[in-house]
Amino acid sequence: MTIDPPPSGSVLDNVLRQALERIKAGRFAEALDLTTPLQHCVDERIDLLLAHARAGCHDPAGAAVLFCRLAGRYPSALHPAHETIGLLVAQDRRADAEPVLRAVVALTPEDARAHESLGDLLIQLTRFTEAEAVLRSALHLRPDSLSASHLLAAALAEQGRIAEADALLRQVLDAHPDCPVTHANRATLLSVENRVEEALDHFRASIALKPDNARVRLNYSIALLKAGRYAQGWAEHEWRFRLPGHANPPPAILMPSITPGMDIAGKRILVSQEEGLGDTLMYLRFLPALVRRGARVIVRVPDALAGLVRRMPGLHRVISDHHAVPAHDWHCPFISLPRVFSATADTMGDAAPYLTAAPDLIRHWAAHIPANGRLNAGLVWGGAPRPDVTNAHIIDQKRSMRLAALAPLARIAGINLVSLQKGPAAEQMSAMPEGMRLYDPMDDVRDMHDTAALIAGLDVVVSVDTSIVHLAGALGCPTILMDRYENCWRWLSGRDDSPWYPSLRIVRQTRPRDWNDVVRRVAAILGDMAEQRPA
């Protein structure tokens, strides 16, 4: 048997670069083809890339052998198998990481880092009791592991065992009072429980220890906003621009906050989509204030919003993502608009309704709504999933419910249920709860303008925390938000109304992930509305 000589350094570097590019693109088989001929070379980079390629090619045993070999060389570093979670998550293949990590644990059961990585993955897969058991094993093996303690606290909190999670974090802080991550994690937990001042104190302690951590600064801003401390919260919220991968407008053209006597008349201001549709719909309320000050407002939004936004008066131009960006003096991402107006009389923007649907579209969609004298209630039970982004995936798992959970609404007398659901969650209508009838016009809905016109003909919208809540609220439609326990900052705490949308009523979980009580209360509200509807 002859073995080909190893390639030269530059050739090897080029091959490994190509293999890494293919792994990041999810083309694991191609990466495997590139790296397999190199497996006899003595180079840890080859072992790592080959391990990732095998993991992506459904060879957990082969991947585990290589990962464990590398892990043994660096016992104090993060387990190399952990990285494969992110690589598979990016391809919406999170579950495929589990057999790899279980194979790693089986090969090296005494390596606490392997247990930690598996526990982290199980949390992402919302299998919290399994994650707890695995993470307790990790802590048994390595009692001083801060990462395992933080993950275990998260697994406990996700099960609703908040007091246990908090006790664990306090125990960690007693042993490591200068750990900025523990301060930040406890702050987040306290914020969920609306213990605002304690949460802010821990955020400040974390920031004092590590002032340039953009993620902690952003979470601090969210806690401030949830507490209603808007001016400070919006200023801190600009730290999002420092997150890895976040678009960052050049500082020279980022729109400054408006101060007394500042004249923006004639200024060309580009206001652009930044994150989700819900954020944009919420912050559209600030555009009229720019128009009143004489600015030439250029709005860049996705196609789904462009038709609706063009109905707002006074805008200079509305463009979609595929259009070239025209010349402008200042650039203001939508989420910076509240910061821009924080020292003015327009701190909350224009009151709802600040959006309207075209009358001809309203007439068109009225034909898709039952006209039988019953209460017409629009329903949304699932958000837009982003399984390739871990934080967004976890939040969507919390905010969304199964259509089956809404079965009690089908038993309300005098009501029509109309689906406003788009995306994968709409597939649940193929197996609806017994006795439920849903009118479903959404196959013909092209964009948010169509949806707005459809909503304009409804009596009420009932939705989990999605962009439809913002759309209905911006239109002034009566809206019921079925909110998760760990609610978004904008819905504040301890109240069932919203300063952003006067027509909104909030019905929030009293226990994490438990929708039963929420649906019962919503059913009672809708029943009363149906009874009070004029004959």
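Strands E5 and E6 pair in the parallel sense over 5 bridges, where strands are DSSP runs of E with at least two residues and helices are DSSP runs of H or I with at least four, both numbered from the N terminus, and where two strands pair if DSSP finds at least two bridges between them. In this pairing, Leu-375 stands opposite Ile-415 in E6. The model is a predicted one, in which local features need pLDDT of at least 70 and side-chain atom pairs count only at pLDDT 80 or more, whereas totals for chains, interfaces and linings use all residues. Residues are numbered from 1 along each chain as its sequence is written, and side-chain values use heavy atoms, with hydrogens and water left out.

On its other pairing, E6 joins E7 in the parallel sense over 2 bridges, with Leu-417 opposite Leu-438 in E7. Strand E6 (residues 415-419) is mostly covered, as 5 of its 5 residues are buried, buried meaning under 20% relative accessible area, exposed over 50% and partly exposed in between (1.4 Å probe, protein chains only). In a regular strand the side chains alternate between the two faces of the sheet. Both faces of E6 are covered, with Ile-415, Leu-417 and Ser-419 buried on one side and Asn-416 and Val-418 buried on the other.

Strand E5 (residues 375-380) also runs parallel to strand E8 (residues 460-464), to which 4 bridges join it, and the bridge partner of Leu-379 in E8 is Val-462. These strands belong to an open sheet of 6 strands with parallel pairing, in the order E7-E6-E5-E8-E9-E10. Strands E7 (438-439) and E10 (504-508) stand at the edges with a single partner strand each, so one side of each is left without a neighbour in the sheet.

Ala-410 lies in the loop between helix H20 (390-399) and E6, and counts as partly exposed at 25% relative accessibility. When residues up to four places away in sequence are not counted, Ala-410 touches Leu-417, Gly-435 and Met-436, contact meaning heavy atoms within 4.5 Å. The C-alpha atoms of Ala-410 and Glu-434, which are 24 residues apart in sequence, are 8.8 Å apart in space.

The C-alpha atoms of Ala-227 and Val-196 are separated by 6.7 Å, although the two residues are 31 residues apart along the chain. Within helix H13 lies Ser-221, which counts as buried at 0% relative accessibility. Leaving aside neighbours within four places in sequence, Ser-221 is in contact with Gly-233, Glu-236 and His-237.

Over the protein chain as a whole, there are 23 helices and 10 strands. The radius of gyration, taken over C-alpha atoms, is 26 Å, close to the 24 Å that the globule rule (2.2 Å times the number of residues to the power 0.38) gives for 535 residues, so the chain is as compact as a globular protein of that length. Along the principal axes, the C-alpha atoms fill a box of roughly 85 × 60 × 50 Å. Of the 535 residues, 53% count as buried. Among contacts in the protein chain with a separation of 6 or more, 63% are accounted for by residues 24 or more positions apart.
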